[in-house]
Amino acid sequence: MSRDRPPKERPKLNILKLSKMPIRLVMEKNFLRLSPDDKIEKLIKKLEHQTCAVVTDDDGKLLGFISIDEIINLIIPPSDYILVGLDAIKEAHFDWDRPVKDIMNPRPITLSPNDSLGYALEMMLETGIKQFPVVDKKKTVLGTFSAQSIVRLLRVFAR
């Protein structure tokens, strides 16, 4: 015979409190780190659960950022191919040996680990960018923040 238990109550989602939460609590700390001379092939092979990569020097200082947009642009033919036609697209090839420094954004918008979730969301809405490197004052990369970070946080409240 089963006992009637009250349904498990969900944690309450307080939007105001969430908006003040520092992103260090939800940023991705397990991120893909590459050096500028790593090949695009390495980038593609290493992307498994991540959708972005951080390019750093040997000391972990930010040199560039590769978002999903840069990765997608790798497989979109240049606009001049549209004028040339389908034959030119067929002849185009993917350059696996190209260094990631050729496709990275060398001056990405960054966030601080102490920035609030509300500020990060504002940045997403204002810029249209959905992925950011998170750096300290010395530009050392501490993690990444993305729309996925927000979804992971909301899952806590959906349980």
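Visitor: How many salt bridges does the count come to?
Guide: Five salt bridges. A salt bridge here is a side-chain nitrogen of Lys or Arg within 4 Å of a carboxyl oxygen of Asp or Glu. The model is predicted: local features need pLDDT of at least 70, side-chain atom pairs count only at pLDDT 80 or more, and totals for chains, interfaces and linings use all residues. Residues are numbered from 1 along each chain as its sequence is written, and side-chain values use heavy atoms, with hydrogens and water left out.

Visitor: Why would such side chains pair at all?
Guide: Side chains of opposite charge can pair when their charged atoms come close.

Visitor: Which side chain meets Lys101 in a salt bridge?
Guide: Asp37 does, at 2.9 Å from N to O. Lys101 sits in the loop between helix 5 and helix 6, and Asp37 in the loop between strand 1 and helix 2, so the pair ties together parts 64 residues apart in sequence. Helices (H or I, at least four residues) and strands (E, at least two) are DSSP runs, numbered from the N terminus.

Visitor: What does Lys42 form a salt bridge with?
Guide: With Asp38. The closest N and O atoms are 3.5 Å apart. Lys42 is partly exposed at 35%, whereas Asp38 is buried at 16%.

Visitor: Where does Asp38 lie?
Guide: In the loop between strand 1 and helix 2 (40-46).

Visitor: What backbone atom does the Asp38 side chain reach?
Guide: The backbone nitrogen of Ser35, at 2.9 Å. The Lys42 pair, at 3.5 Å, also counts as a polar contact between side chains. A polar contact is a pair of N or O atoms within 3.5 Å; within protein, one must be able to donate a hydrogen and the other to accept it, and residues adjacent in sequence count only if both atoms are side-chain atoms.

Visitor: What else does Asp38 touch, not counting residues up to four places away in sequence?
Guide: Arg98, Pro99 and Val100. Contact means heavy atoms within 4.5 Å.

Visitor: Arg98, then. Which residue does Arg98 form a salt bridge with?
Guide: Asp102, with the closest N and O atoms 3.7 Å apart. Arg98 is partly exposed at 30%. Asp102 is partly exposed at 45%.

Visitor: How many bridges join strand 2 to strand 3?
Guide: Four, and the two strands run antiparallel. In one of the pairings, Thr56 has Leu62 in strand 3 as its bridge partner.

Visitor: What about the hairpin of strand 2 and strand 3: which residue takes a positive phi?
Guide: Gly60, near 85°. The hairpin has five residues between the strands.

Visitor: How many residues of strand 3 are buried?
Guide: Four of its five residues, so to speak mostly covered.

Visitor: And Val54, buried or exposed?
Guide: Val54 is buried, at 0% relative accessibility. Its place is in strand 2.

Visitor: What is Val54 in contact with, leaving aside neighbours within four places in sequence?
Guide: Phe31, Leu32, Arg33, Leu34, Leu62, Gly64, Phe65, Val141 and Thr144. Val54 and Ser67 are 13 residues apart in sequence and 8.7 Å apart in space, C-alpha to C-alpha.

Visitor: Where is Tyr119?
Guide: In helix 6 (residues 117-127). Tyr119 is partly exposed at 36%. Tyr119 and Ile23 are 96 residues apart in sequence and 9.2 Å apart in space, C-alpha to C-alpha.

Visitor: Last topic, confidence. What is the mean pLDDT of the protein chain?
Guide: The mean is 85, and 79% of the residues reach 70 or more. pLDDT is the predictor's confidence in each residue, from 0 to 100.

Visitor: Which element has the lowest mean pLDDT?
Guide: Helix 5 (residues 86-91), at 51. Strand 2 (residues 53-56) has the highest, at 98.

Methods: Pairing = 2+ DSSP bridges. Buried < 20%, exposed > 50% of the residue type's maximum accessible area, 1.4 Å probe, protein only.
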